[in-house]
Amino acid sequence: MIPFDFEYYKPTSAQEAVSLFHNLRSQEKNPMYYGGGTEIISFSRLYQLFPKAVIDVKGIPECNVLEFKNDKLVIGAAKTLSQVQESNLFPLLNQCGGRVADHTIRDKITLGGNICSRIPFREAILALLVSDCEVIIENKNGIRKVPLESIYTESMLLEPGDLLLQFTVEKNYTVMPFFSMKKTADGDVDYPQDRIGYPLLSGVFLNNKGHIRAAFSGLCPYPFRSLKLEAVLNDTTVSPDEKLNESVQCLPAPILNDMDSSAQYREFVFRNTLAGALDNFEGVEF
Ligand SMILES: Cc1cc2nc3c(=O)[nH]c(=O)nc-3n(C[C@H](O)[C@H](O)[C@H](O)COP(=O)(O)OP(=O)(O)OC[C@H]3O[C@@H](n4cnc5c(N)ncnc54)[C@H](O)[C@@H]3O)c2cc1C
């Protein structure tokens with residue numbers, strides 16, 4: 001049970017949602033956009049969030065698109081991870097999102113919610129980080145379209161009232177060869193087997209005509225794509241063993257050391273995952 005009362009709104013347009021947000025904010029109701037609600041509900045139960053109003057985004061048509069339009073895949077922010085997975089339109093995203101929580105919870109968790117999550121894993125963003133994703137955002141000044149990397153560093157850099165509408169990815173990225181792996185404290189999460197667990201390491205590798213792109217969650221305090229690390233992975237003058245050693249030096253933050261795993265073990269898993277990815281792409285022709 002949520003131990004306080006709050007107002008619930010379900011607007012039918014993005015403009016209405018944004019205008020409601022600012023209205024409610026001016027009344028100091030600490031409004032929050034509401035996707036699947038799993039995080040808002042869990043944190044409210046724990047007295048870690050106190051929205052006096054939530055704005056459900058699932059009635060907004062733009063947030064519910066999931067299709068190819070011309071040469072772009074358009075995914076609405078209110079689409080659940082299960083819907084994205086079942087559509088099978090972007091297999092790498094299916095795998096990243098399909099390993100979050102279990103099937104029942106993925107029926108609730110939305111792509112927008114996962115990416116804006118306070119829980120720092122945000123695994124679905126990995127597929128979008130390596131695929132030149134663009135994000136369509138509505139706010140009080142109208143709609144803007146921006147590259148994901150321009151509004152994501154350690155988390156999404158959104159202004160109050162910014163509403164994520166859609167993510168778009170060029171079709172060619174959705175069919176590139178990839179390798180992905182999630183390891184939890186219980187072991188491998190073999191897609192599509194259901195096993196709940198935050199990642200010790202979730203890694204994705206996309207092979208763009210022989211150039212490997214990579215992004216990780218669980219290793220450092222936030223998900224990241226590192227161009228420096230990719231330069232090492234793609235350096236043909238460096239041996240595979242040297243690549244593993246140099247990659248560890250390219251991480252953007254210290255490796256996490258917590259109750260789930262020591263930093264040393266996470267580094268071991270990271271090295272194994274890199275070795276697996278390099279092996280996987282060995283001999284692939286483009
Ligand atoms: C049991 C369980 C297991 C989990 N396991 C994993 C895991 O293995 N890996 C992983 O990555 N995550 C995991 N999570 C975390 C989960 O992905 C996040 O909590 C996520 O935020 C939930 O999505 P939601 O749609 O329910 O978000 P909500 O609770 O609706 O919202 C979360 C945040 O996103 C904001 N938001 C939602 N939609 C929009 C939008 N369109 N525009 C702007 N802001 C928006 C909300 O305002 C809020 O701040 C797990 C969560 C649970 C409950």
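What follows is a chat about the labels used for this predicted model.

Visitor: Why is leucine 229 called buried?

Guide: You count neighbours. A residue is buried if 20 or more other C-beta atoms lie within 10 Å of its own. Leucine 229 has 24 within 10 Å, so it is buried.

Visitor: Where does leucine 229 lie, and what is it in contact with?

Guide: Leucine 229 is part of helix α9, residues 227-233. Setting aside its neighbours within four places in sequence, its contacts are Ala214, Ser247 and Cys250. What counts as a contact is having C-beta atoms within 7 Å.

Visitor: How do you know that strands β1 and β3 pair?

Guide: You look for bridges: at least two are needed for two strands to pair. Between β1 (residues 7-9) and β3 (residues 53-56) there are three, so they pair, and they run parallel. In one of those links, tyrosine 8 has valine 54 in β3 as its bridge partner.

Visitor: And what makes β2 a partner of β3?

Guide: It's the bridge test again. β2 (residues 32-34) is joined to β3 by three bridges, and at least two are needed, so these strands pair, in the parallel sense. Tyrosine 33, for instance, is bridged to isoleucine 55 in β3.

Visitor: What kind of unit do β2, helix α2 and β3 make?

Guide: A right-handed β-α-β unit, with α2 covering residues 38-45. The hand is called right because, with the strands pointing away from you, the path from the first strand over the helix to the second runs clockwise.

Visitor: How do you know which domains the ligand lies between?

Guide: You ask which domains give residues to the shell around the ligand. Domain 1 (7-56) and domain 2 (61-170) both do, so the ligand lies between them. The shell has 31 residues, and the closest are Gly35, Gly36, Glu39, Gly112 and Gly113. Elements giving two or more residues are β2, α2, α6 (111-115) and β8 (163-170). The largest share, four residues, comes from α2. By class, the shell has 17 nonpolar, ten polar and four charged residues.

Definitions and conventions: Residues numbered from 1 in each chain as written. Predicted model: local features only at pLDDT ≥ 70, side-chain atom pairs only at ≥ 80, totals over all residues. Near = placed C-beta within 6 Å. Nonpolar A, V, L, I, M, F, W, Y, C, P; charged D, E, K, R; others polar. Domains from an automatic or database assignment. Buried ≥ 20, exposed ≤ 12 C-beta atoms within 10 Å, placed from the backbone. Contact = placed C-beta atoms within 7 Å.
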